[in-house]
Amino acid sequence: MHNLPAVLVGPVGDRSSRFAWRGLMIDSARTRHTVPVIKQVIALAARYGFNRLHWHLTDDQGWRFDVPEYPRLTEAAAYLPRGNFDDYDSLLGDTRQRAIDEAPEKWTNGYYTDDEIADVVAHASAHGIVIVPEVDVPGHMKAAIEVYPELGRPVGLPLPEGSMREHMWWPARNDLLWPTDAARDFVASIMRRVAELFPGPYVHIGGDECAYQQWSSDPQMGEWLALRGVSGVEALQAWFMDGAASVLKENGKSVAVWDEACEIWDAEDTLVVAWDEARGMERIGRASQPYIFADARTLYLNRVDPDSPQPQKGMIPAISVDDLLTAPWPETRDERCIGIQACVWSEFVLDGADLTSLLFPRLLAVAERIWNPNLDVVQAREAIARECEVLKAFGHLDTPTVTPDEMVMANGT
């Protein structure tokens with residue numbers, strides 16, 4: 001970025017931000033974005049004053065780092081085929097089919113080696129950005145459970161019927177860790193490993209979208225609850241998170257979670273990332289922890305840009321630059337709000353070109369909201385347009401070159 005002229009949006013001149021946490025989340029669990037892509041995003045984010053990269057590294061669709069005690073995570077769970085996401089609705093047009101058609105040429109899976117993670121961490125540090133890795137527990141563990149079935153639902157126990165989530169269709173799937181000694185040991189191992197790989201102060205442990213019906217449908221669950229000394233399945237989630245947090249604290253780390261965790265976990269030294277629209281803010285209102293504002297209604301940039309000059313794959317309703325510049329965001333004025341974070345989930349983001357298209361120009365609008373206390377919408381809109389032209393002219397919105405070694409690692413060939 002050294003060849004670029006002075007920045008036109010975000011940290012311009014003597015502007016300052018009251019937000020200590022200026023975040024961007026990238027999902028590498030659904031798509032293993034290559035290291036050059038991640039490094040390009042980091043450099044661009046740093047130019048606009050972002051200082052946290054929340055890196056989502058595990059989910060139902062894939063596992064992206066090595067844990068020596070569990071080799072099948074990188075032998076198999078990292079190389080699961082891309083899903084079709086048939087249960088997703090609220091998609092723009094033919095998003096699902098386009099993603100299916102484009103995946104053979106664009107999409108990559110695999111994992112990040114220790115050296116690659118160290119490279120990304122060093123690159124981020126050089127740009128003033130701290131990596132916040134995420135390993136989601138106890139839900140969203142389908143990839144790990146596929147290769148280590150003893151971690152999840154007892155073999156042969158049928159899944160419950162119907163939707164596993166109140167406000168959307170979400171079919172039952174074997175994605176919850178079971179309260180076994182094996183699962184407890186697994187959580188401890190992966191938390192120690194994450195603490196070893198990432199020097200930053202925070203590790204995000206998820207805590208979202210736990211479908212308690214999966215646990216409660218087990219005829220033996222009463223015995224498990226008694227064994228773990230908890231009164232219900234909701235408390236069982238807290239039992240898992242207590243275990244993860246304990247290991248992290250022993251290794252000098254603080255804990256971040258999604259806002260659903262506020263309903264069952266009240267640890268005061270936890271940082272909450274509030275994403276779930278009005279529901280998330282209601283949870284925050286009942287909690288006492290500091291929080292990051294990441295409301296999906298305006299900050300989930302995997303929702304498409306209605307003004308994009310090229311067709312995009314993604315969720316709706318769309319979010320425009322003007323939406324970002326004019327959203328009232330009263331929640332950010334609460335003294336407990338220490339930051340703002342944009343997020344890009346990768347269910348339909350297949351490569352660096354998709355990612356860049358969704359991030360720009362809208363990430364620049366987020367930067368203006370963070371850094372410009374006297375924002376004029378017309379002036380900001382014009383500055384964003386000029387800044388995007390600069391980025392295009394200098395080639396910084398092009399997909400970075402991927403080396404042959406990168407493609408071998410990404411595709412597992």
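**How many strands close into a barrel, and in what order?** In this predicted model, 8 strands close into a barrel in the order 1-2-5-6-7-8-9-10, and the pairing is parallel. Strands here are DSSP runs of E with at least two residues, numbered from the N terminus, and two of them pair if DSSP finds at least two bridges between them. Neighbouring strands of this sheet are turned by 30° against each other on average, direction ignored.

**Zooming in on strands 7 and 8.** Strand 7 (residues 254-258) and strand 8 (residues 270-274) run parallel, joined by 4 bridges. Look for Val257: its bridge partner in strand 8 is Val272.

**The largest pocket.** This pocket holds about 940 Å³ of space. A pocket is an open set of points on a 1 Å grid over the protein atoms alone, where a 1.4 Å probe fits, with protein on both sides within 12 Å along at least five of seven lines; lining residues have an atom within 4 Å of a point. The volume is the space filled by probe spheres set on the points, which are joined across faces, edges and corners. Of the 40 lining residues, Tyr88, Arg165, Met168, Glu209 and Glu347 lie nearest the centre.

**Reading the views.** Residues are numbered from 1 along each chain as its sequence is written, and side-chain values use heavy atoms, leaving out hydrogens and water. Because this is a predicted model, local features need pLDDT of at least 70 and side-chain atom pairs count only at pLDDT 80 or more, while totals for chains, interfaces and linings use all residues.

How values were computed. Axes fitted to C-alpha atoms, helices over the stretch in contact; angles between N-to-C directions.
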